[in-house]
Amino acid sequence: MSYNQPKLSPCAQWDPNGITFADSSEIIFYPVNLFVDRNNTVYVADEYKNRVYMWREGTTTPQTIILDPSFKPASLFVTIDGDIYIASRTTLQVEKLALNETKGIVMMSTSSFCIALFVDIANYLYCSLADEHQVVKQSLNVSTNMPVRVAGNGYSGSASNMLYRPHGIFVDTNFNLYVADCENSRVQLFKTEQIHGITVAGNNGTLSIELKCPSAIFLDADGYLFILDQNNDRIIGSNLDRYYCLAGCSGTHGAASDQLNFPISAAFDNHGNIFVADIINERIQKFILMTDAFGK
């Protein structure tokens, strides 16, 4: 797994005024998904321009991977080995793309597009199928494997074994699956090999927080949950006993430095800073951790 999970202080705070890391004044783009690897390289999938941009740490000019014109990227994930997994909105496939390639190897085929991807430490590729109200996974070690359902029963609903247009996903080192259950305005936890989820945030969650279409979830090293609350245009954090708003807390969407407008994807870098694909504003915002990421 290549996902950054910094160890944060329980009192961690972020500057609510985000810094624009990249926007349409530099490159014309529609950032549908982003990923930050362990080297702090930022990857952004641009659906309109049909390409992936890569900013290595300390650089301001991205490297560009131009994809096949028919591809239309929808989501991406980068492994610790540097393999880039990209899902297509049009071909309904997930390809593995090595650096400097424009066409990848098909690793998964589905009947609708993957709005989010994740690769766990056992080398299983997970795909969130919003249009089919389920999450599936497939081993990357066996080429003949077919995707198997691991969350949701394929029908929209709010029962514990159902999802309604799931978006972002996260799999921890114990193989517990977290799902941003967008239209149910909740985050569901599916423990290993369990078909019934537990609501950990949102409607009927163990701690009170109102969500409106969570679009992304990411965990720190201690397992505390961070949520991109899309239709409330904010980032939610958690600690020992509560959920709280850490950025975009004005209550209105907009383009100011402390606002977001339809945020769709987010991730930590290994310093604890948070990058957000702020899609309507056509920009990537970076929210700086103000307290030491290691609690010192």
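What follows is a short exchange about the cysteines of this predicted model.

Me: How many disulfides does the distance rule give here, and how are the cysteines paired?
Reply: The rule gives three disulfides. With the bonded cysteines of the chain numbered in sequence order, the pairing reads 1-2, 3-4, 5-6.

Me: What makes Cys 114 and Cys 127 a disulfide?
Reply: Happy to go through that one. Their sulfur atoms are 2.1 Å apart. The cut-off is within 2.5 Å, so a pair at that distance is called a disulfide. As for location, Cys 114 sits in the loop between β9 (105-109) and β10 (116-119), while Cys 127 belongs to strand β11 (residues 124-129). The two are 13 residues apart, and the pair links distant parts of the chain.

Me: Why is the disulfide of Cys 114 and Cys 127 called left-handed?
Reply: The torsion about its S-S bond is about -100 degrees, so the disulfide is left-handed.

Me: Why do Cys 114 and Cys 127 count as buried?
Reply: Cys 114 has a relative accessible area of 1%, and Cys 127 has 0%. Buried means under 20%, so both values qualify.

Me: What joins Cys 182 to Cys 213, and which hand does the bond have?
Reply: A disulfide joins them, with an S to S distance of 1.8 Å. The torsion about this S-S bond is about -95 degrees, so this disulfide is left-handed. Cys 182 lies in the loop between β15 (177-181) and β16 (186-190), and Cys 213 in the loop between β17 (198-202) and β18 (214-219), so the pair ties together parts that are 31 residues apart in sequence. Both Cys 182 and Cys 213 are buried.

Me: Why are Cys 245 and Cys 249 called partly exposed?
Reply: Cys 245 is at 28% relative accessibility, and Cys 249 is at 46%. Partly exposed runs between under 20% (buried) and over 50% (exposed), so both residues take that label. A disulfide joins the two, S to S 2.0 Å. The torsion about that S-S bond is about -100 degrees, so the disulfide is left-handed.

Me: Why is Cys 11 called exposed?
Reply: Cys 11 has a relative accessible area of 59%.

How values were computed:
Residues numbered from 1 in each chain as written. Predicted model: local features only at pLDDT ≥ 70, side-chain atom pairs only at ≥ 80, totals over all residues. Heavy atoms only, no water. Helix = DSSP H or I, 4+ residues; strand = E, 2+ residues; numbered from the N terminus. Buried < 20%, exposed > 50% of the residue type's maximum accessible area, 1.4 Å probe, protein only.
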